[in-house]
Amino acid sequence: MARSEQDLLSTEIVNRGIDSSGPNAGSLTFSVRVRRRLPDFLQSVNLKYVKLGYHYLINHGIYLATIPVLVLVFRVEVGSLGREELWKKLWEDACYDLATVLSFFAVFVFTVSVYSMSRPRSIYLIDFACYRPNDDLKVTREQFIELARTSGKFDEASLEFQKRILKSSGIGDETYVPKALMSNENCATMKEGRLEASAVMFGALDELFEKTRIRPKDVGVLVVNCSIFNPTPSLSAMIINHYKMRGNILSYNLGGMGCSAGIIALDLARDMLQANPNNYAVVVSTEMVGYNWYPGRDRSMLVPNCFFRMGCSAVLLSNRRRDYRRAKYRLEHLVRTHKGADDRSFRSIYQEEDEQGFKGLKVSKDLMEIGGDALKTNITTLGPLVLPFSEQLLFFVTSIWRHFFGGDNSKASLSPSSKPYIPAYKLAFEHFCVHAASKTVLDELQKNLELSKKNMEASRMTLHRFGNTSSSSIWYELSYLEAKERVKRGDRIRQIAFGSGFKCNSVVWRSMRRVRKPSRNNPWLDCIDRDPVAPN
């Protein structure tokens with residue numbers, strides 16, 4: 001086996017207890033579990049992905065080359081003339097050739113007008129809201145296991161497995177589950193799904209409209225994303241009916257797109273705002289925990305039960321220039337990566353029935369490796385758009401050098417001096433909001449992206465306090481940063497999300513002003529003074 005392949009594997013000795021049958025009955029048995037780690041994608045950047053991003057730099061290279069030359073020529077021509085001589089020359093030329101001056105002025109005005117009308121409109125984030133359920137829905141990890149036990153749907157082995165998963169999950173004792181999970185009845189029904197959807201969506205939207213003082217009828221675009229629960233009428237129709245929104249609203253309902261669907265919904269809302277001037281757009285991101293509850297015994301399907309918790313976010317976007325002063329953030333970049341053409345990536349998170357006929361989400365053991373490959377593509381595409389020019393130049397030169405003069409790759413990999421230059425992505429952003437999927441995912445991302453504990457603090461605290469709230473988790477993380485008063489004017493925030501398919505999406509925001517600690521309508525207000533805590 002090649003050295004690079006061995007580096008991706010980790011081994012673990014598992015105590016399987018006392019064997020009750022077979023030749024080893026009555027004795028302790030052990031097994032060796034081999035797992036794949038997240039690949040060190042920063043050390044294996046593929047040149048073809050670099051080209052996708054560096055075309056942006058190359059396309060603008062002509063300006064970097066010609067502007068200094070033009071400035072130099074202008075300086076030489078004008079520098080020899082005094083101020084009085086310059087004005088005299090300009091006045092004489094204007095008098096003798098007034099038609100040329102007027103024509104030039106008309107062309108200049110026309111060019112500026114065309115440029116102003118054709119350039120993409122700035123998209124502003126006015127404000128956002130994150131739903132916090134009532135305290136009667138709060139459960140500890142012990143209570144969660146007890147609820148699963150009293151439901152009578154799990155055997156002791158399944159309960160023990162879920163208990164081990166929760167112990168190392170990074171989830172705390174203050175997460176929320178719907179009431180349907182607290183009963184012995186079937187919670188995966190349309191009725192319970194609609195009740196949970198109404199609670200979380202309307203709770204987040206009520207708070208959003210209160211914070212922004214926007215009437216529901218003022219909203220021109222509505223995008224709702226929920227991966228698993230997709231009733232008829234749709235969730236977007238439920239919102240329109242509840243708030244009595246206007247009849248010509250552009251509404252969209254995204255389903256089956258996983259935890260990264262929130263950024264996909266932002267992308268759709270951005271496109272709609274580009275095509276419809278002077279408008280507001282609302283993006284609602286959520287997931288129904290009760291409807292996705294798996295009552296079977298397949299361990300790969302039991303994992304989502306342990307991580308997913310109640311949550312919802314609502315975001316108000318605007319393309320109105322007059323909203324510049326009241327907006328919190330401006331949308332800078334949005335990059336989407338889809339690995340669905342690969343069969344392993346496509347089936348890494350797959351909804352199907354188990355042997356007992358129970359429906360659930362099956363999570364592949366290769367998910368970490370697949371997610372790492374998607375993230376590698378995403379960051380190498382986004383990098384040239386956000387990295388300082390010095391970092392881009394060093395990275396580009398070293399990549400070209402290794403590509404043409406690297407020699408034998410197998411020998412080069414053993415030489416420390418032959419390692420590629422790794423751009424300092426921390427220089428491009430002040431804050432990171434990484435989808436709070438699990439403690440293992442966050443650990444691997446922190447290691448491979450070389451992020452500090454403070455960079456990952458918002459993600460870890462969100463996982464600990466609220467669990468995995470699917471596509472809305474990145475907004476709970478931004479709420480955490482705001483509650484800590486860490487967002488300053490000009491700061492750049494990168495949100496990263498992963499989802500089934502397999503997808504990795506990133507969005508970059510720039511803060512328009514310093515965000516003060518909110519006095520109300522923030523899900524962290526009751527615990528922000530004691531955070532960060534040390535997750536289990």
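A crossing of two helices counts as left-handed if the near helix is turned anticlockwise from the far one by less than a right angle, and as right-handed if clockwise. Helices here are DSSP runs of H or I with at least four residues, strands are runs of E with at least two, and both are numbered from the N terminus. By that rule, α7 passes α11 in a right-handed crossing.

Before going on, a word on the source. This is a predicted model, in which local features need pLDDT of at least 70 and side-chain atom pairs count only at pLDDT 80 or more, while totals for chains, interfaces and linings use all residues. Residues are numbered from 1 along each chain as its sequence is written, and side-chain values use heavy atoms, with hydrogens and water left out.

Helix α7 covers residues 156-167 and helix α11 covers residues 299-307; their axes come within 10 Å and cross at roughly 50 degrees. Axes are lines fitted to C-alpha atoms, for helices over the stretch in contact, and angles run from 0 to 180 degrees between N-to-C directions. The angle makes α7 oblique to α11; under 35 degrees counts as roughly parallel, over 145 as roughly antiparallel, 65 to 115 as roughly perpendicular and the rest as oblique. Contact means heavy atoms within 4.5 Å. On the α7 side the contact includes Phe 161 and Ile 165, and on the α11 side it includes Leu 302 and Phe 307. The residues of this contact of α7 with α11 divide into eight nonpolar, three polar and two charged. For these classes, Ala, Val, Leu, Ile, Met, Phe, Trp, Tyr, Cys and Pro count as nonpolar, Asp, Glu, Lys and Arg as charged, and the others, Gly among them, as polar.

Now the sheet. An open sheet of nine strands has the order β7-β6-β8-β9-β3-β10-β15-β14-β13, with mixed pairing. Two strands pair if DSSP finds at least two bridges between them. Which strands stand at the edges? They are β7 and β13, each with a single partner strand, so one side of each is left without a neighbour in the sheet. Neighbouring strands of this sheet are turned by 20 degrees against each other on average, direction ignored.

Strand β6, residues 221-225, pairs with strand β7, residues 250-254, in the parallel sense over five bridges, and Asn 225 stands opposite Leu 254 in β7. The loop between β6 and α9 contains Pro 233, and a cis peptide bond joins Thr 232 to Pro 233, with omega about 0 degrees. β6 also runs parallel to strand β8, residues 280-286, joined by five bridges; here Val 224 stands opposite Val 284.

β3 and β10 pair in the antiparallel sense over two bridges, with Arg 330 in β10 as the bridge partner of Tyr 124. β10 and β15 are antiparallel too, joined by nine bridges, and Val 335 has Ser 506 in β15 as its bridge partner. Helix α18, residues 473-483, lies across β3, β9, β10, β13, β14 and β15, running at about 100 degrees to β3.

The axes of α8 and α9 come within 11 Å and cross at roughly 55 degrees. α8 and α9 are therefore oblique to each other, and their crossing is right-handed. Among the residues in contact are Met 201 and Phe 209 of α8 and Leu 235 and Tyr 243 of α9. By class, this contact has nine nonpolar, two polar and two charged residues.

The other pair is α16, residues 439-448, and α17, residues 453-466, with axes that come within 11 Å and cross at roughly 170 degrees. That makes α16 roughly antiparallel to α17. Their contact divides into three nonpolar, two polar and four charged residues.

Last, a hairpin. β11, residues 349-353, and β12, residues 359-363, pair in the antiparallel sense over five bridges. Five residues lie between these strands, and Gly 357 in the turn has a positive phi of about 90 degrees.
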